[in-house]
Amino acid sequence: MLRSSFKTLSAKAAAQLDQELMSTGAFSIDQLMELAGLSVAQAIYKQYPPKKSCNNTVLVLVGPGNNGGDGLVAARHLKLWGGYDPILYYPKRTKNQLYSNLVTQLHDLDVNELESVEDVKRLVSVPQAGVDLIIDSLFGFSFKPPIRAPFDELIRYLAENHDKIAPIVSVDIPSGWDVDKGPTDLDINATMLVSLTAPKPCAARFVDSSAEKIHYLGGRFINPKIAKKYDIEELVDLYEGNELIVKFV
Ligand SMILES: NC(=O)C1=CN([C@@H]2O[C@H](COP(=O)(O)OP(=O)(O)OC[C@H]3O[C@@H](n4cnc5c(N)ncnc54)[C@H](O)[C@@H]3O)[C@@H](O)[C@H]2O)[C@@H](O)CC1
Ligand SMILES: [K+]
């Protein structure tokens, strides 16, 4: 599949598909999130395998919705597989059993949390010893710009310091971008994007912005009927064998 020619799902279609999976499709959100987060962790392992020369500290920026949940799941798998040392920044907790369960699972694995955006700034700015990779699981297909507090300061910091900090892997959408239109004036400059189910229109802007951008597809849970209905059969067909991810090259 050519890296810049792929089917996309608009923000509206992605939300509709998500609802359909969880209503007539009879999936639970826990199931979908587990598969989505697992594919994010697999894409990270494939692209950034743990190195012997560093701690492989992965800062996981967790947003208030399901995109944040994907990041929590990915953090658990990376920690369980060994080699990575995830640390969370989760400033706006969703009061819901699903999220508190995901956090408990991470605490049981001794995954620590940062308390404030100042802590984030301090950690990411330490050369070598700080953070080796950042997972941006702040916002996904339900984000509508402009960005509001408390995330505005964080996104602005990432945008203004992208050349000094570790590579950013964005889950589904580069946070701060308009899902359908692409970059806004606050661009965190992600290096890698893991699109879930199908790339959103902004993914085309992402890969077109530089030949260096890395793009994966994950979230392998779409049955042929739904794929046909949403005209994404060619994406579903890209997965090989038992793979949960595909890299666009
Ligand atoms: N079908 C799929 O592909 C699946 C997608 N999942 C994930 O779910 C995501 C979508 O999750 P949600 O619909 O919960 O939404 P998001 O996680 O995209 O974000 C919604 C949250 O962001 C807040 N928000 C929106 N605009 C904001 C702004 N301008 N400033 C500050 N806060 C803002 C909202 O108040 C809400 O709390 C996807 O992108 C994907 O990562 C998976 O978890 C499950 C299956
Ligand atoms: K994101």
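Colleague: Why is Leu 38 called buried?

Modeller: Leu 38 has 20 other C-beta atoms within 10 Å. Buried takes 20 or more within 10 Å of the residue's own C-beta, exposed 12 or fewer, partly exposed in between, with C-beta atoms placed from the backbone, so Leu 38 counts as buried. Mind you, this is a predicted model: local features need pLDDT of at least 70 and side-chain atom pairs 80 or more, while totals for chains, interfaces and linings use all residues. Residues are numbered from 1 along each chain as written, chains are lettered from A and ligands numbered from 1 in the order written.

Colleague: Where does Leu 38 lie, and what is it in contact with?

Modeller: Leu 38 lies in helix 2 (helices are DSSP runs of H or I, at least four residues; strands are runs of E, at least two; both numbered from the N terminus). Setting aside neighbours within four places in sequence, Leu 38 touches Val 73, His 77 and Leu 244; contact means backbone-placed C-beta atoms within 7 Å.

Colleague: What makes strands 3 and 8 edge strands?

Modeller: The open, mixed sheet runs 3-2-1-4-5-6-7-8, and pairing takes at least two DSSP bridges. Strand 3 (112-114) and strand 8 (246-247) each have a single partner strand, so one side of each lacks a neighbour in the sheet.

Colleague: How do you know that strands 4 and 5 pair?

Modeller: Strand 4 (residues 133-137) and strand 5 (residues 168-171) share three bridges, in the parallel sense. Ile 134, for one, has Ile 168 as its bridge partner in strand 5.

Key:
Contact = placed C-beta atoms within 7 Å.
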